[in-house]
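Work through the exercises below with the model open beside you. Try each task before you read its solution.

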Amino acid sequence: MSSSQTLVVKLGTSVLTGGSRRLNRAHIVELVRQCAQQHAAGHRIVIVTSGAMAAGREHLGYPELPPTIASKQLLAAVGQSRLIQLWEQLFSIYGIHIGQMLLTRADLEDRERFLNARDTLRALLDNHIVPVINENDAVATAEIKVGDNDNLSALAAILAGADKLLLLTDQQGLFTADPRSNPQAELINDVHSIDDALRSLAGDSVSGLGTGGMATKLQAADVACRAGIDTIIAAGSRPGVISDVIASQPVGTRFHALQTPLENRKRWIFGAPPAGEITVDDGALSAILQRGSSLLPKGIRDIRGNFSRGEVIRIRSLEGRDVAHGVCRYNSDAMRMIAGHHSQQIGEILGYEYGPVAVHRDDMIVS
């Protein structure tokens, strides 16, 4: 087991409410205790929380509202602050700070916003703060919603560079049939590939409280596994579930990450056509190819095209050979200004900086 792991824990509404109409604070305290224990042991924990609408309904005394999007957004607007307050209170028992991140699909599909979200998330983790993530339901429209927190948690796991994604639910895991109606149903312990036969077992959500059933959990597991992240579906009520997952104990249903995760992750995230190209000198070329280094501004000789920070660009040798594709940390105008200069001069030249590299190795696929 690696000394420090990054774990994303997704908590469904059914877990947070214990199947009732209100948030089950006693159970949430127990989950926070487990997170705090792992946090103290040096692991990085990210929470993806549902429950904003449930918290809003509870706070307003279960009002009779018309079944409109505006009603849902009203409940989310009221409940989101209540929910984050609860997380803050409970983590503060253990002296742990939290940081709220509200995301929509638009934040994750736009490359620059994706990178900003990633930088924020990793800065929180680097400073031992627990990020608490939710969809921004109060403003999200159908077009920009991820739609469910299972898939949001898979995207959060990619943003965080997580080792594992834990989807906590009111079920022990994925079964061979619906365990509520079929006593012969057996828990599936390990899944190495997600196919149509497996999807047909997932069925639909039955709790009536959340937006995601087993089907969205399978989608999330598929995305995370392609990105090289092990995914576990387990019961939120299981004692010590978070500690067991960190310790790689058999818990619930484990979906194994693909064998070549780094390339898969990069191809999956960065499957965009190049927006421009950069020519690098022989020193930078050998650093990228032989030493697996990031591309520094010093090694850049020429820039073609107009591109924004966060777009995919092609990296070429002086002979014009296509050597890599990567996500740029600076836009084309900034790149032209800092090309050929040392990294420590970036702030002085531009008046701001997004770090010392032009393209980070983690954001690069070598051709």
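Ser 50 sits in the loop between β2 and α3. Helices (H or I, at least four residues) and strands (E, at least two) are DSSP runs, numbered from the N terminus. This is a predicted model, in which local features need pLDDT of at least 70 and side-chain atom pairs count only at pLDDT 80 or more, while totals for chains, interfaces and linings use all residues. Residues are numbered from 1 along each chain as its sequence is written, and side-chain values use heavy atoms, with hydrogens and water left out.

**Exercise 1. Describe the surroundings of Ser 50.**

Step 1. Ser 50 is buried, with a relative accessible area of 9%. Buried means under 20% relative accessible area, exposed over 50%, and partly exposed in between (1.4 Å probe, protein chains only).

Step 2. List its contacts, meaning heavy atoms within 4.5 Å. Leaving out residues up to four places away in sequence, Ser 50 touches Lys 10, Leu 11, Gly 12, Thr 13, Leu 16, Leu 83 and Asn 149.

Step 3. Look at the record. An unreviewed UniProt entry lists Ser 50, Asp 137 and Asn 149 under "binding site". UniProt positions are given in the numbering used here, feature names are shortened, and annotations may be inferred rather than shown by experiment.

Step 4. Find the other annotated set. The UniProt annotation "binding site" (unreviewed entry) also covers residues including Lys 10, Thr 169, Asp 170 and Ala 215. Ala 215 belongs to helix α9. Ala 215 is partly exposed, at a relative accessible area of 33%.

**Exercise 2. Work out how helices α3 and α4 are placed.**

Step 1. Two packed helices are described by the angle between their axes and the distance between the axes.

Step 2. Read them off. The axes of α3 (residues 52-59) and α4 (residues 69-92) come within 6 Å and cross at roughly 90 degrees. Axes are lines fitted to C-alpha atoms, for helices over the stretch in contact, and angles run from 0 to 180 degrees between N-to-C directions.

Step 3. Name the arrangement. α3 and α4 are therefore roughly perpendicular to each other. The classes are: under 35 degrees roughly parallel, over 145 roughly antiparallel, 65 to 115 roughly perpendicular, and the rest oblique.

Step 4. Find the residues that meet. From α3 they include Ala 52, Met 53 and Gly 56; from α4 they include Leu 75, Val 78 and Leu 83.

**Exercise 3. Which residues touch the most other members of the largest nonpolar core?**

Step 1. Define the core. A nonpolar core is a set of buried Ala, Val, Leu, Ile, Met, Phe, Trp, Tyr and Cys residues joined through side-chain atoms within 4.5 Å.

Step 2. The largest core has 43 residues, and Leu 103, Ile 133, Leu 165, Leu 198 and Phe 255 touch the most other members.

Step 3. Trace the suppliers. Elements giving at least two residues each include β2 (44-49), β3 (98-103), α7 (149-160) and β5 (164-169). The biggest contribution comes from α7, with eight residues.

Step 4. Phe 255 touches, among others, Leu 174, Val 191, Leu 198, Asp 230 and Ile 233.

Step 5. Look for another core. A second, separate core of 34 residues includes Leu 7, Ile 45, Ala 234 and Val 245.

**Exercise 4. How many salt bridges are counted?**

Step 1. Apply the rule. A salt bridge is a side-chain nitrogen of Lys or Arg within 4 Å of a carboxyl oxygen of Asp or Glu. The count comes to 17.

Step 2. Take a pair within a helix. Glu 30 and Arg 33 form a salt bridge at 2.9 Å, N to O. They are three residues apart in α2 (residues 25-40), so about one helical turn separates them.

Step 3. Take a pair between strands. Arg 254 and Asp 230 form a salt bridge, with their closest N and O atoms 2.4 Å apart. Arg 254 lies in β8 and Asp 230 in β7 (residues 230-235), so the pair ties together parts that are 24 residues apart in sequence. Arg 254 is partly exposed, at 24% relative accessible area, whereas Asp 230 is buried, at 14%.

**Exercise 5. Is His 128 buried or exposed?**

Step 1. Locate it. His 128 lies in the loop between α6 (111-126) and β4 (130-135).

Step 2. Check its area. His 128 is exposed, with a relative accessible area of 58%.

Step 3. Check the backbone. Most residues other than glycine have a negative phi. His 128 has a positive phi, near 60 degrees.
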